[in-house]
Amino acid sequence: MKRLSLSTGLVAAAMALSAAPLLAAPFTCPTRGGDLVFGQEANVNSLDQMTSSTISTRNIAMNIYETLITRDENNKPIPELAESMQESPDGMSYTFKLRQGITFHNGKALTSADVAASFDRYNRIGLQRSTLDNVAGWETPDPQTFIIRMKQVQPTFVEALSSFSVPIVIIPSEHKDDERQQLRPVGTGPFRLLEFVPGSHAKLGRFDGYKPNTAYEQRTGFGGYRVACLDTVTFRIVTEASARVAGLETGALHVVEDVPTRSLEGLRRNSALTILPLQNWWIQIALPNTSQAPTNNLAFRRAVQAAMNMEDIMDAATDNNYRLNVGFQYPNQPSYTDAGKETYNINNQQRARALLRESGYRNEPIVILTNRDYPPMYNSALVMEQQLKAIGINASLRVVDWPTSVQMSQRLNSTEWHFFHSGWGTQPALGALATMQFLVSPNAAYRPRDDKDDPEVLAAWNDMNNLRDPAARQEAFARMQRLVLERAYAYPFGSLTKVQASRANVKGFTPFRIPRFSNVWIER
Amino acid sequence: MILVALRRLLSAIPVLFIVSLISFGLMRLIPGDPAAAIAGTSATPAQIEQLRRDLGLDEPLVLQLLHYYQGLLQGDFGKSLLLGKGVLAATMERLPVTIGLSLYALVLTLLIGVLSGIIAALRQNTWIDQFAMMIAMLGISIPNFFLGLLMIVFFAVQLGWLPSGGYVPFAQDPIGWLRSTTMPAISLALLQAGLLARITRSGMLEVLRQDYVRTARAKGLPERQVIFKHALANHYCYQARW
């Protein structure tokens, strides 16, 4: 069998680490104890991670559960419950060796039977069970070995398996038949669930039987060497931003998710607090409806592209908490490319007007679909409306609630809107493959007529999925991005910075896709 | 009498049926996608569609309605899509907190509303009267969510007297419960207290001019007895109707 050699070369490196002696001492808690209260902005209705894609569920569940492989700080796949992973030379099977001595929160030892049962449940009711569409089955030849067999070669399978969007968390085999949203919250993570009241709070307690991954010295991404320094962590649902800020200032909350920009100046002057900006939280974006005129006209779409000043849009959308960003990945990601950068932030009204004349636009009403549930989407739409009007486009906003705007945007051949405002968060963080799936059928975000993909875009997408060489797949992504931007199938405005904050005596907390409470302590 | 009661109960059945049918229909017909709301912004269209199928939201409306009534007949009030648990269980879970907070708000409403109305009536056209009615007007005018935020900033952040959020069960710590529910109870009570104060004031003014009140005073009764036993008691009948 050949060692895994894909873009997850780091997986191989991580595996090598597990065999090599550690060069530095692993993390230890400077202090232990205390209850940390986290102010979470969104309600959480379930901790069943297999059937939920919401950030609010992931925030809590990924401190309780673990997966076979996960992502590190730079979004590369790394082993977590797996000690090693090997891909067969023909790419038709993956063999995982489990780490020894892992126990669930109920004291049961982890074996491959539990892994198989977890995959069974995910395959039955997992929200993203399409991840396993290309899997023929799995085997457990011994308690420490788990083998996945493929129907056909899928070079991107490890990337899909390590996704944190709807991860295949490992649960005890006896919970395999738990129904959707009824999963008993027993995992292998550094924290176990003590109490959960949907809509109110969730309380986690340190799991004393947790075994850190000794292949690492520090926490990294969703995995690495993790230690629970805190006795308990309470996730309190505080949907009102001002109430979160007040809670942080009074000390009722130790860490809060999403501090409104208008509060930042005051909070920065407070020496008892630490401001923690998290760059590249999501890409602010607008999508055209190419199933109807005039947005089915390339010249018209390019006119809109030329008219837009991304700095003005992002400044309004984020209160100056943004970065200009070309394309659909971030510069710190290995998959980043600036292909198509000449289409970004053109801000040239003369050129825009020329393209508009070329398109034959006849002052038809143009509807920009947005919502007030997410202020960045509403504010960016407001500015976009003005910029389009400035070049002579008869633009107006249609403001509905978020679920309605999603429903409207997904209707086939809709005549109700021309531009749809959205934010892409998790998918760009997951990587190029997860992001570009938004731009192919079914439900390609630019809504091609009858859901028929642009053939060149589709060809690039297929190459991204099927080419075995990682460099070739990266080239395919660059090609797809260039096509999408040149054909104005999407208007990525830039990346939004999400600002979190903590009490100054909370140490070790680094903002990430989820609030990670392992390797976090409260300084006395 | 029993027949009347039975007839009333029986007539409630078609009413309940019609109301449930209308509310079911309205919830399904208004724009918006519960699956998208539950899935959040991070979800792909495929995930939303999968969730829609998993929740049975892609079934024909008639089937969804049948399932709903089937559940009702078995005592299953359905499941909250947002809370992820049964409606009955979620309601029972929240009932003690709701009842406690409502009772506290009611007590504050009566205390503030009735007392300030009485005082304003007794001190008609003085600065006390004007001040009481100004507070009443503020209570009616200020949206309670805004009042709540103001109180958090002042009483929690600035003064540190009360917690900025959270709930402490009464059984766990009565003082903690009182502290955690005071600001919510005030923001709930102030609107009703304002209305009650104005009604009490005008009602008391009317009652205080009555002959029996003049007679009570002429008999030399203590003013407190005149106000609470004679004037307020008679005004109470009016308030109870209101």
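This is a predicted model: local features need pLDDT of at least 70, side-chain atom pairs count only at pLDDT 80 or more; totals for chains, interfaces and linings use all residues.

Author: Residues are numbered from 1 along each chain as its sequence is written, and chains are lettered from A.

Reader: Why is α6(B) called oblique to α8(B)?

Author: Helix α6 (residues 127-141) of chain B and α8(B) pack at an angle of about 140°, with their axes 7 Å apart. Angles under 35 degrees count as roughly parallel, over 145 as roughly antiparallel, 65 to 115 as roughly perpendicular and the rest as oblique; therefore α6(B) is oblique to α8(B).

Reader: What makes Ala132(B) and Leu190(B) part of the contact of these helices?

Author: Residues are in contact if their C-beta atoms, placed from the backbone, lie within 7 Å. Among those making the contact are Ala132(B) and Met133(B) of α6(B), and Leu190(B) and Leu191(B) of α8(B). The contact of α6(B) with α8(B) divides into 10 nonpolar, 2 polar and 1 charged residues. Here Ala, Val, Leu, Ile, Met, Phe, Trp, Tyr, Cys and Pro count as nonpolar, Asp, Glu, Lys and Arg as charged, and the others, Gly among them, as polar.

Reader: How many residues does each chain give to the contact between chain B and chain A?

Author: Chain B gives 35 residues and chain A gives 41 residues. On the side of chain B that touches chain A, α3(B) gives the most, with 7 residues. That side divides into 19 nonpolar, 12 polar and 4 charged residues.

Technical notes:
Two residues are in contact if their C-beta atoms, placed from the backbone, lie within 7 Å. Helices (H or I, at least four residues) and strands (E, at least two) are DSSP runs, numbered from the N terminus. Axes are lines fitted to C-alpha atoms, for helices over the stretch in contact, and angles run from 0 to 180 degrees between N-to-C directions.
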